[in-house]
Amino acid sequence: MNSRKITSFVLAALFALLAFATHTPLVSAQANKTLTVFAASSLTDAFNEIKSAFEQANPGVTVTYSFGASNTLATQLSQGAPADIFASANATQMNAAITAKRIAGKPRTFAKNRLVLIVPADNPAKLMTLKDLARPGIKLVIAAKGVPVRDYTETMLSKLVKNPAYGADYQTAFMKNVVSEEANVRQVSAKVSLGEADAGFVYRSDVTPDISSKVMIIQVPDSVNTLAAYPIAATDNSANPDVAKKYIDYVLSDAGQKTLVKWNFISSVIPAQPATITLPIDGALHVSGQVLNPLKLTADDLKNNYAAQKADVSFLSGTGTTKASFTGVYLLDILDAAQVNYNPDQKNDTLSLYIVATGSDGYQAIIAYGDIDPNFGNQPILVAQELDPHTIDAGRGQ
């Protein structure tokens, strides 16, 4: 081999080495990004599955989580903790982060959840209903003040005390039985699954495969349950705002929603409703349409599960005015139990909704949801069961 060929080979090798040395670090610096997500502890399993799918679809991106109570995470954000995304279990803590000026853009609701009562699988306290939680000696564990699941639990309690079957004394007895207030909802479910408590309130999504054989679910009655809404948003100083947007878009996508539903969350997607809805005429009260929890209620259901209300009214009857006293249930209480599937991201979305009440005789009345919404009309519209002193005849379509 002559010297010219040797020189050419050395130069070619040198150029290749320089190209590799200058190009490779640039590719690595652009591709490797870490996304830090602050998320409510109830999201642990679903978000870990989303992490795997998202990282696979976005090579070079690593998702790291900080799971905890939403109020704790919001406080950390307000104190300047670095993060790219905040996923809260309620709007209250998201608003706290917004007030601290840590949120960029408008939060999006990405999931919903329901409250349930769990007991150890062998149910040593023999608990069957919520009423049993007031029995002396019951060891009840709930979340600490400020934790979203505690807020939802207290909302449930406020509804229960309005029901004559429970009353104000129930709340006193209930709270007397609280033996522990945990920092987050996963600690509540852990204590019950380990048999360290007789019962605890958690989200349905917290009954995960690792504890499902160790606990039993007692459903919270629809009439007092509360729908939890989970908002998500990028932070104000995300180091990777483009990746944060991709992550949020994935959570809201069909694939992300499918994963959340798999882990017992309720999808944030509001399906289109048909132009007309036909309800059966069988003497029961049916609630359907844009609700997450369609209902079929008998007269006994209304009497036993809802707080009775009375209303004195005057109405035209023939050529004169008649006064009467009705007993029944507030329409809003029934719709709360059916869990109206409104969009919390759309300002005053309930004003776009309406109720079509259809009697067994075909008589219909249309009521704007805004008329009964406590934030607007706040009208106490009654689904009447009794016209004092006579029970209303469902067969007459009244």
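Buried means under 20% relative accessible area, exposed over 50%, and partly exposed in between, with a 1.4 Å probe and protein chains only. Helices (H or I, at least four residues) and strands (E, at least two) are DSSP runs, numbered from the N terminus. The model is predicted: local features need pLDDT of at least 70, side-chain atom pairs count only at pLDDT 80 or more, and totals for chains, interfaces and linings use all residues. Residues are numbered from 1 along each chain as its sequence is written, and side-chain values use heavy atoms, with hydrogens and water left out.

**View 1. Helix α11, residues 331–338, is mostly covered.** Six of the eight residues of α11 are buried. They are Leu-331, Leu-332, Ile-334, Leu-335, Ala-337 and Ala-338. Gln-339 follows α11 and has a positive phi, near 60°.

**View 2. Lys-145, Arg-150, Glu-154 and Glu-181 are linked in a network of salt bridges.** A salt bridge is a side-chain nitrogen of Lys or Arg within 4 Å of a carboxyl oxygen of Asp or Glu. Glu-154 meets Lys-145 at 2.8 Å, N to O, and Arg-150 with its closest N and O atoms 2.9 Å apart. Arg-150 and Glu-154 are separated by about one helical turn because they stand four residues apart in helix α5 (residues 148–160). Arg-150 is buried, at 4% relative accessible area; Glu-154 is partly exposed, at 29%; and Lys-145 is exposed, at 56%.

**View 3. Lys-296 and Asp-282 form a salt bridge.** Their closest N and O atoms are 3.7 Å apart. Lys-296 lies in strand β12 (residues 295–297) and Asp-282 in the loop between β10 (266–267) and β11 (285–287), so the pair ties together parts that are 14 residues apart in sequence. Lys-296 is exposed, at 53% relative accessibility, whereas Asp-282 is partly exposed, at 42%. The whole structure holds 14 salt bridges.

**View 4. Tyr-354, Val-356 and Ile-366 form a nonpolar patch on the surface.** Patches are made of residues with over 30% relative accessible area and no salt bridge, with like charges joined within 9 Å and nonpolar side chains (Val, Leu, Ile, Met, Phe, Trp, Tyr) within 5 Å. Together the three residues have about 350 Å² of accessible area, computed by the Shrake-Rupley method with a 1.4 Å probe, only the protein chains shown counting as cover. Tyr-354 belongs to strand β15 (residues 354–358) and is exposed, with a relative accessible area of 59%.
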